[in-house]
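Subject: A structure for you to explore

Hello,

Here is the structure I promised to pass on to you. Have a look at it first, and then read my notes below.

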Amino acid sequence: MLLNKRLIVGVCGGIASYKAIELVSRLQQAGALVDVIMTDHAQEFIRPLTFATVSQRPVYHNLWEPSGQAAELHIALAEQAELLAIVPATANTLAKLAHGIADNMLTAVALATKAPLLLAPAMYKGMYEHAATQVNLSILRERGASIVEPEVGHLASGAIGVGRLPELSVLMGAISMIVGRKGDLAGRRVVVTAGGTQEPIDPVRYVGNRSSGKMGYALATVARDRGAHVTLISGPVALEVPYGIELCKVETAIQMRDAVGSAITDADVLVMNAAVADFRPIAPASRKIKKNETRGSGEQGEFSLYLTRNPDILAELANADYEGSVKRLRRLIRVGFAAETHDVITHAQAKMAAKRLDLLVANDVSRLDSGFGTDTNKVYLFHANGDMEDLPVMPKIDVATAIWDRVVSLLS
Ligand code: PMT
């Protein structure tokens, strides 16, 4: 998504400025053309050579160099930029930006550019909480700047409080989201389900499955980076919440059905990637079941668990009456998944027809490089007109891209 994007990373003089090195390196590895502009104070912490090495481009800092080239260059940089991200943004630079002061290369470019502005403030908590900084941030926010809020934690001063630069994944997420704002899913609302459901047996045990959430989280992230407003309805997983995504956490199939029902009322697309348990224990115990308790036949060492069928969320949505009852204003594109261990194509075609889907993604979960918990997936795509595509094994992020490509065609 960041390939060949022209980004400027502005670095101010704060202790967190060393973290900008890793950020620039990651952006460069993602294929972006990153121009770094440092303030004089940033150079007290880090030398320009460090940024020049990781960005593989010149680094700018002196607006006043005698040839006058920098003065011309700041206009060119400002015009070409697709994003100006200031990481870390100090209280001093925020104050200058809020009041239109342009006394160095970074603030001059910030004043000259029409590119979106992303600010990641990081400083001592007293400076961050000071009324002057807060007013300056409100001014900048009102003017359209995106602010990535600092985190609470250990600060360089030794104090614990607000002011830490957010993790790299958050900064990368914010940059990708802003750069992709006008992508081919701009203005679309999409709902993605991810992970597996957990159906309680008692307060400590459940019936579940091996879904890690990786495929669903990749789908949500790619949609965000193509401009969509994303609601991610997730079963319990151990993944970081992607930046800029509306997360709704659920545990059971019933909770997932309710969450999907409310989220789709104004959505354009539903991607049901979650591995929803088909059955749940009929009567979960209210207290922990003890080892020596017997149920069912009463035979020593046996324990029977009675299950009842869960609602099939996608199948319910195939029913025209249900669509009518949620008063849909637009047609909902429905994408389903099928996890199969054998006869993948036959089973997938049957599900496609039964659930009346626009697109079905069948993964062969018998393979070691595909399905539950893996970083890659091998999928077949089934289209409503009967066409089938056989995609090679790919990282889940690339599978997600392929799926959204097909959805974009359906939307248009
Ligand atoms: O999370 P990962 O580790 O990355 O793994 C990803 C995955 C393998 C879980 C994912 O790619 C996947 O295949 N998800 C669907 C698994 C599944 O439950 O398939 P199914 O054949 O049982 O269900 C078919 C479709 O109906 C699915 O879209 C499912 O979300 C939906 N369904 C199923 C049961 C149910 N009660 N309600 C539903 O809506």
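Where is the place of Pro 88? Pro 88 sits in strand S4, which covers residues 83–89. A cis peptide bond joins Pro 88 to Val 87, with omega at about -10°.

Before you go further, please keep in mind that this is a predicted model, in which local features need pLDDT of at least 70, side-chain atom pairs count only at pLDDT 80 or more, and totals for chains, interfaces and linings use all residues. Residues are numbered from 1 along each chain as its sequence is written, and side-chain values use heavy atoms, with hydrogens and water left out.

**The whole chain**

The chain contains 15 helices and 22 strands; these are DSSP runs numbered from the N terminus, with helices (H or I) of at least four residues and strands (E) of at least two. Its C-alpha trace spans about 90 × 55 × 40 Å along the principal axes. Of its 412 residues, 49% count as buried (buried is under 20% relative accessible area, exposed is over 50%, and partly exposed is in between, with a 1.4 Å probe and protein chains only). If you take the contacts (heavy atoms within 4.5 Å) between residues at least 6 apart in sequence, 67% of them join residues at least 24 apart.

**Two helix pairs**

Start with helix H1 (residues 19–29) and helix H3 (residues 48–55), whose axes come within 8 Å and cross at roughly 20°. The axes are lines fitted to C-alpha atoms, for helices over the stretch in contact, and the angles run from 0 to 180 degrees between N-to-C directions. H1 is therefore roughly parallel to H3 (under 35 degrees is roughly parallel, over 145 roughly antiparallel, 65 to 115 roughly perpendicular, and the rest oblique). From H1, the contact uses Ala 20, Ile 21, Val 24, Ser 25 and Gln 28, while H3 brings Thr 50, Phe 51, Val 54 and Ser 55. Sorted by class, that makes five nonpolar, four polar and no charged residues (Ala, Val, Leu, Ile, Met, Phe, Trp, Tyr, Cys and Pro are nonpolar, Asp, Glu, Lys and Arg are charged, and the others, Gly among them, are polar).

Now turn to helix H4 (residues 69–80) and helix H6 (residues 105–112): their axes also come within 8 Å, and cross at roughly 45°. H4 and H6 are therefore oblique to each other. H4 takes part in the contact through Ala 70, Leu 73, His 74, Ile 75, Leu 77 and Ala 78, and H6 through Met 105, Ala 108, Val 109 and Ala 112. Here the classes are nine nonpolar, one polar and no charged residues.

**The cores**

Which residues touch the most other members of the largest nonpolar core? They are Leu 219, Ile 403 and Trp 404, in a core of 34 residues (a nonpolar core is a set of buried Ala, Val, Leu, Ile, Met, Phe, Trp, Tyr and Cys residues joined through side-chain atoms within 4.5 Å). Among the elements that give two or more residues to this core are helix H10 (214–225), strand S12 (229–234) and helix H15 (396–411). H15 gives the most, with eight residues. Leaving out residues up to four places away in sequence, Trp 404 touches several residues, including Leu 185, Leu 219, Arg 226 and Val 271. A second, separate core has 33 residues, among them Val 34, Ala 120, Leu 168 and Ile 178.

Thr 231 has its place in strand S12 and counts as buried, at 11% relative accessibility. Not counting residues up to four places away in sequence, Thr 231 touches Val 190, Val 191, Val 192, Glu 246 and Ala 263.

Gln 56 is in the loop between H3 and strand S3 (59–60). Although Gln 56 is not a glycine, its phi is positive, at about 60°. Is Gln 56 buried or exposed? Gln 56 counts as exposed, because its relative accessibility is 60%.

Arg 356 also has a positive phi without being a glycine, at about 45°. Look for Arg 356 in the loop between helix H14 (344–355) and S18.

Finally, Lys 291 is in the loop between strand S15 (279–281) and strand S16 (307–309). Lys 291 is exposed, with a relative accessible area of 84%. Its C-alpha atom is separated by 68 Å from that of Gln 80, 211 residues away along the chain.

Enjoy exploring!
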